Structures are given as structure tokens and as C-alpha cells.
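Colleague: Could you walk me through this model before I set anything up? I'd like to go piece by piece.

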Amino acid sequence: MKTVLYSLGVLMGIIGLLYACRIRITPLPPPADPPRTEQACQGPPILNNIIGTWKCGSRATGNGDPLPRSAPFTSATFSRFGMMSFGADKRITDPDSIFDNHLDNGAPLVYKTYSLETDTVKTSPYYKHGELLWVRLYYKNRTKDLTLGVGYYFKVICNEQNRIHLKGPDGALELVLVR
């Protein structure tokens, strides 16, 4: 009895497959008006777009979690946030200390600058990343000479008219600027 039922089931399966293969599938015609696709608003070149005052947030991203586009400027999202200005003279005004205002050894920073550069040294860890936004923090040493204290390097993730998203090439630091 089991053999008969099994054979009947196999026969029904084969007939079902043969019938299913005979059905012709035709694609649907395209819609009369294709849906509009939104394109991201590309801002002017980064060195022109960055000039001005921005609401800014920074955070360490050691865990690699991506930052949501609409992330609020709170201590839950950013480790530091406040206002920052980028001047046409390539100087940064940072009253809320998004970047430190002194070095670990206590030396106060004199000024902060930014530039867009490509590392051309093939042995450099930043060489493969192409064009990077460099932020440099300067201080005066004991002989009162101006000295580079710290440098941060950022890859431009997003450059829109009212939003710039920067991320360190090693992924350790993220910076979001919003007008």
C-alpha cells in the first residue's frame, strides 16, 4: 500500500512539474512614468564649501558602527559637539574645543589649520586613501618657535551644501559638520 501511494505521489509530482513548465511567464510592461530618483545634492569643492561656521560633532568610531545621517548633536551620539568656523585663510576657530586646545603635555595650541592634500609618499599609511582633508594643530615650543603638535587626517565621506561628513582613513575618528 505504501509503495502504491509513494508511486502515485511521484507521478503527481512529475505531472505537476510538466504542467508548470508549460506555463508561459511574460514580464510586465514598464510603467508609463518611471519613478523619480533622488540624487544627493553635491556641494561645491570641499575647500570652498567648508568655509564658514558649522555645527560640529566628533566621535571615536573604534567599533566601526556607521553614523546615521540624521544623528542628533547630543552626548549620546557624539563625544564632542559645538560650533566651529573654517576661514578662507585656512585657519580654524574652535571655541568649543572639538579639537583639543592643548597638547597632552599641557602646551596650549596657538592655532589650527586645514588643507586638502594627497599623500605622495608610497610608504605612508595614508597614501592609498587619495585626497584627504588635513587638520593641523600648532603650538609654540620652549624656544617660542611655532611647532606642529598634532595632525588629523580625514577622508571626505559626504560633501553637500549644508552637510559635510569626514572620517579618519583608519576609521577611528568621525566628524560631521551641519549648517
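Colleague: How many bridges join strand 6 to strand 7?

Modeller: In this predicted model, strand 6 and strand 7 (residues 163–167) are joined by 5 bridges and run antiparallel. The two strands form a hairpin with 2 residues between them, and within this pairing N159 stands opposite I164 of strand 7.

Colleague: And what is on the other end, between strand 5 and strand 6?

Modeller: Strand 5, residues 131–140, runs antiparallel to strand 6, residues 146–160, with 8 bridges between them. L133 has F154 in strand 6 as its bridge partner. These strands form a hairpin too, here with 5 residues between them, and in the turn K144 has a positive phi of about 70°.

Colleague: Which residue takes a positive phi in the hairpin of strand 7 and strand 8?

Modeller: That is G171, whose phi is positive and near 80°, in a hairpin that has 5 residues between the strands. Strand 7 and strand 8 run antiparallel and are joined by 5 bridges, with H165 standing opposite V176 in strand 8.

Colleague: What does strand 1 pair with?

Modeller: Strand 1 pairs with strand 8 in the antiparallel sense, over 6 bridges. One of the pairs to look at is R59, whose bridge partner in strand 8 is E174. The side chains of R59 and E174 also meet in a salt bridge, at 3.3 Å from N to O.

Colleague: Are R59 and E174 buried or exposed?

Modeller: R59 is buried, and E174 is buried as well.

Colleague: How many salt bridges does a search of the whole structure find?

Modeller: The search finds 3 salt bridges.

Colleague: Which side chains meet at 3.1 Å?

Modeller: Those are the side chains of E117 and R136, which meet in a salt bridge with that N to O distance. E117 lies in strand 4 and R136 in strand 5, so this pair ties together parts 19 residues apart in sequence.

Colleague: Why does E117 count as partly exposed?

Modeller: Its relative accessibility is 27%, and E117 therefore counts as partly exposed, because that class covers values between the 20% and 50% cut-offs. R136, with a relative accessible area of 15%, is buried.

Colleague: Switching to the nonpolar side, which residues of the largest core touch the most other members?

Modeller: The largest nonpolar core has 21 residues, and I50, F86, L175 and L177 touch the most other members. Strand 1 (52–60), strand 2 (80–86), strand 4 (109–118), strand 5, strand 7 and strand 8 (173–178) each supply at least two residues of this core. The largest share, 4 residues, comes from strand 5. In soluble globular proteins, nonpolar side chains tend to be buried together.

Colleague: What is L177 in contact with?

Modeller: If its neighbours within four places in sequence are left aside, L177 is in contact with I50, W54, K55, C56, F86, N162, R163 and I164.

Colleague: Which residues form a nonpolar patch on the surface?

Modeller: The patch is formed by M1, L5, L8, L11, M12 and I15, which together have about 670 Å² of accessible area. M1 lies in the segment before helix 1 (2–22), and with a relative accessibility of 77% M1 counts as exposed.

Colleague: Last topic, then: what is the overall make-up of the chain, in helices and strands?

Modeller: The chain has 2 helices and 8 strands, and from the N terminus on, the elements run α-α-β-β-β-β-β-β-β-β. Of its 179 residues, 31% count as buried, while the chain exposes about 12,300 Å², of which carbon and sulfur atoms supply 58%. Among contacts between residues at least 6 apart in sequence, 46% join residues at least 24 apart.

Definitions and conventions:
Residues are numbered from 1 along each chain as its sequence is written. Side-chain values use heavy atoms; hydrogens and water are left out. Two strands pair if DSSP finds at least two bridges between them. A nonpolar core is a set of buried Ala, Val, Leu, Ile, Met, Phe, Trp, Tyr and Cys residues joined through side-chain atoms within 4.5 Å. Buried means under 20% relative accessible area, exposed over 50%, partly exposed in between (1.4 Å probe, protein chains only). Contact means heavy atoms within 4.5 Å. Patches are made of residues with over 30% relative accessible area and no salt bridge: like charges are joined within 9 Å, nonpolar side chains (Val, Leu, Ile, Met, Phe, Trp, Tyr) within 5 Å. Accessible areas come from the Shrake-Rupley method with a 1.4 Å probe; for residues, only the protein chains shown count as cover. A salt bridge is a side-chain nitrogen of Lys or Arg within 4 Å of a carboxyl oxygen of Asp or Glu.
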